[in-house]
Amino acid sequence: MKMKISTKDLDFYYGDVQALRNISLDIKEGQITALIGPSGCGKSTFLRVLNRMNDTVPKTRCRGQVLLDGKDINYNGTDCVELRKRVGMVFQQPNPFPKSIFENVAYGPKILGMRNKEQLREIVQKSLRAVALWDEVKDNLDKSGLALSGGQQQRLCIARVLAVEPEVLLMDEPCSALDPIATLKIEDLMQELKEEYTIVIVTHNMQQAARVSQWTCFFLMGELVEYGPTSRIFTNPEDQRTKDYISGRFG
Amino acid sequence: MMGICGVSLPLFIVIYVIAQGLPAINWDFFTSEPAGGLSGDGGISSVIITTLWLVGATLVVTVPLGIGAAIYLAEYARDTWRTEIVRRGVELLAGIPSIVFGLFGLAIFVQVFDLGLSIISGSLTLACLLLPFMIRSTEEAMRSVPRSHREASLALGATRWQMVRSVVLPSALPGIITGIILCAGGAVAESACLYVVMGGSAEMPGTPLDGGRSLAVHIFYLINETNALDKAMATGAVLMVFVLVLNIATRFLSWQYRARVGGKK
Amino acid sequence: MVRKRYDSSLGALQDDVLVMGSMVEKSIERSMEALKERNLKLAERVVADDCKVNDKRFDIEEKCISLIATQQPVADDLRLIVAVLNIITDLERIGDHARGIASIALMIGDESPVKPLIDLPRMAQKTCEMLRHSLDAFIQHDANLARRICAEDDEVDHLYDQVFRELLSFMAEDPQTITRATRLIWVAHNLERAADRITNICERVVFVVTGKMEEISASCY
């Protein structure tokens, strides 16, 4: 299986505090990889390293290699704008812009320079179809993105990311603000999307990680404790700490 | 008890001035120039035009500078001691009495730049006075845009400037417009520093290099040099209506902004 | 419809059970044929194929465990998966019984038969029929069908009685036939136990549908 993203000996610091220690991990192409672990273990930090979003936080340092398709993206010369087109991100709280649904989805292609109205319409339709939102909103594309329900807003945010045609989707607890039905819909969506994209999802909901992913990585206090196929991790983990966390014996 | 006092006092002032000034207000009042000198005859036509020019020119200078500085401070400046100095400087400027700006304007714009006692000198002086407020209100409006929107924009591959232009500024726009209107209100309300730099000409201005009186300054002249208290009250009434309209516009815009962004959730 | 992948996993699991069921059914048929025709090669094949049945069982078991761990099944789905775990155990035991019959065929070898085999093939045929129907009831989630199949176990028990008495009388008349007759009694015993296992499967089907464990079989072997 091809490795889409690999990290080697990754260390990350917020100021003087070391948030990630020596993380070496492979994300496989076309698969869903889940990052689990207790609060503060570094999984969101790690996710944000993959598209250099931590650069927006002052006083952070990141050492080690992060290879995307074999090329290191963790050095000063990286074009982060280019990187973020290839590696898209969906956040925990649905955050559509206070613009219309159409403008939300067209935002990405527009800032990348697309001006042709026909092309924009096509991309918006394709993206909204991909997230199963097209039929619900096709007559209301001028409505504000904020007028949708929570689950719809999150799907809108996913459509927004898909519109720039990334290769990797990073999802930071995408369902934690949603109700159970909306959550299951997003999980089904992820199964469909994994055919075309590589997906990395951070979740504090272990059952979700078990349901949805093919690979699971367990983080604890900034370290990568164990990682492997999801069915093995949840039926026969090797590390005692993983066993304790998964069976809820943590505390 | 205090609430009732707090509300009734300004209300009383407003009603009193308008009541006193109403008799002097007629069509003539608005269309004739004041006679100047000691007589107090005439109306306030030139004064109104001067005021409008003054506010316009002030905004032309203040708004771009203020917004630009605010964008820099809110989005681009890093947390270093240099940025701290700039911020402290802005706060300091906000606290300086307006008459001091008047002296500054007199020395620099009127004399050194040789712009003379003119509307332009008045606008530039007002710009110095009002810039800190413009910067502050724009910066606040920009800061109120949620961080999540900025992150979403950056995560889609926007550059910093694209993010500011396409997400932050549009969202902050109502707040910025409120700031602009307050600036205009501030310009109209100034009397002392304009008295110093604009000259006292009661004639209709031909160019921005001409001198003139704004509404507030005209009241000052009427009280000091003439006996036309009724005309002064009338001018005061017009001024208050002006300010009231600006106030209402501000409130309306904030209400609209909140309804658009907040109410639809 | 949400949870498509999960639903298709459950469907695939049931299909796997059918596959294992047909493997076991073939084993019974072949072992009886080997016995009748004295086809030692066929008997050897049945014995060898038993490990494939065991492998299939472990494969299905792993899938069940994985589904429980990763999909958090509840209600009907949970009962289904638990039933599958039990059914494959029963199927594996039936497979062992078929292997037992094949082993006996190998032991008998070329010996002349005590009597022509009539009832034993009938027992085998009945057992295979019961197995097929029980798996139908499983796939269709048909509790009534399952209960009816349990009643058919009586027929197999009846045939077993018949064979037993008949072979006993042979042994009483001619002690020379004791070894051969005893072996045939073991064959009958294997088939009778296999049929009992099938009633277990039917009880599990009723459990999946109603949520209750019912003891259905009336006979007491």
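Residues are numbered from 1 along each chain as its sequence is written, while chains are lettered from A and ligands numbered from 1 in the order in which they are written. Because the model is predicted, local features need pLDDT of at least 70 and side-chain atom pairs count only at pLDDT 80 or more, whereas totals for chains, interfaces and linings use all residues; side-chain values use heavy atoms, with hydrogens and water left out.

**Exercise 1. Describe how strand 3 of chain A is placed and which strands pair with it.**

Step 1. Strands (E, at least two residues) and helices (H or I, at least four residues) are DSSP runs, numbered from the N terminus, and strand 3 of chain A covers residues 32-36.

Step 2. A residue is buried when its relative accessible area is under 20%, exposed when over 50%, and partly exposed in between (1.4 Å probe, protein chains only). By this test 5 of the 5 residues of strand 3 of chain A are buried.

Step 3. In a regular strand the side chains alternate between the two faces of the sheet. Here I32(A), A34(A) and I36(A) point one way, and T33(A) and L35(A) point the other way.

Step 4. Two strands pair if DSSP finds at least two bridges between them. Strand 3 of chain A runs parallel to strand 8 (residues 198-202) of chain A, to which 4 bridges join it, and I32(A) stands opposite I199(A) there. Strand 3 of chain A also pairs in the parallel sense with strand 9 (residues 215-220) of chain A, again over 4 bridges, where I36(A) has F218(A) as its bridge partner.

**Exercise 2. Work out the strand order of the open sheet of 4 strands in chain A, and find its edges.**

Step 1. The order is 2-1-4-5, and the pairing is antiparallel.

Step 2. Strand 2 (17-28) and strand 5 (71-72) of chain A each have a single partner strand and stand at the edges, so one side of each is left without a neighbour in the sheet.

Step 3. Within this order, strand 1 (residues 3-14) of chain A is joined by 8 bridges to strand 4 (residues 60-68) of chain A, and Y14(A) stands opposite T60(A) in strand 4.

**Exercise 3. Characterise chain B and the surroundings of S121(B).**

Step 1. Chain B has 11 helices and 0 strands, and 43% of its 265 residues count as buried.

Step 2. S121(B) is found in helix 6 (residues 119-143) of chain B, and it counts as buried because its relative accessibility is 0%.

Step 3. Leaving out residues up to four places away in sequence, S121(B) touches F109(B), V110(B), L115(B), G116(B) and V197(B).

**Exercise 4. State where L80(C) lies and what it touches.**

Step 1. L80(C) belongs to helix 3 (residues 75-108) of chain C, and with a relative accessible area of 5% it is buried.

Step 2. Beyond residues up to four places away in sequence, L80(C) touches L10(C), Q14(C), F138(C), H141(C) and V208(C).

Step 3. L80(C) and R204(C) are 124 residues apart along the chain, while their C-alpha atoms are separated by 8.8 Å.

Terms used:
Contact means heavy atoms within 4.5 Å.
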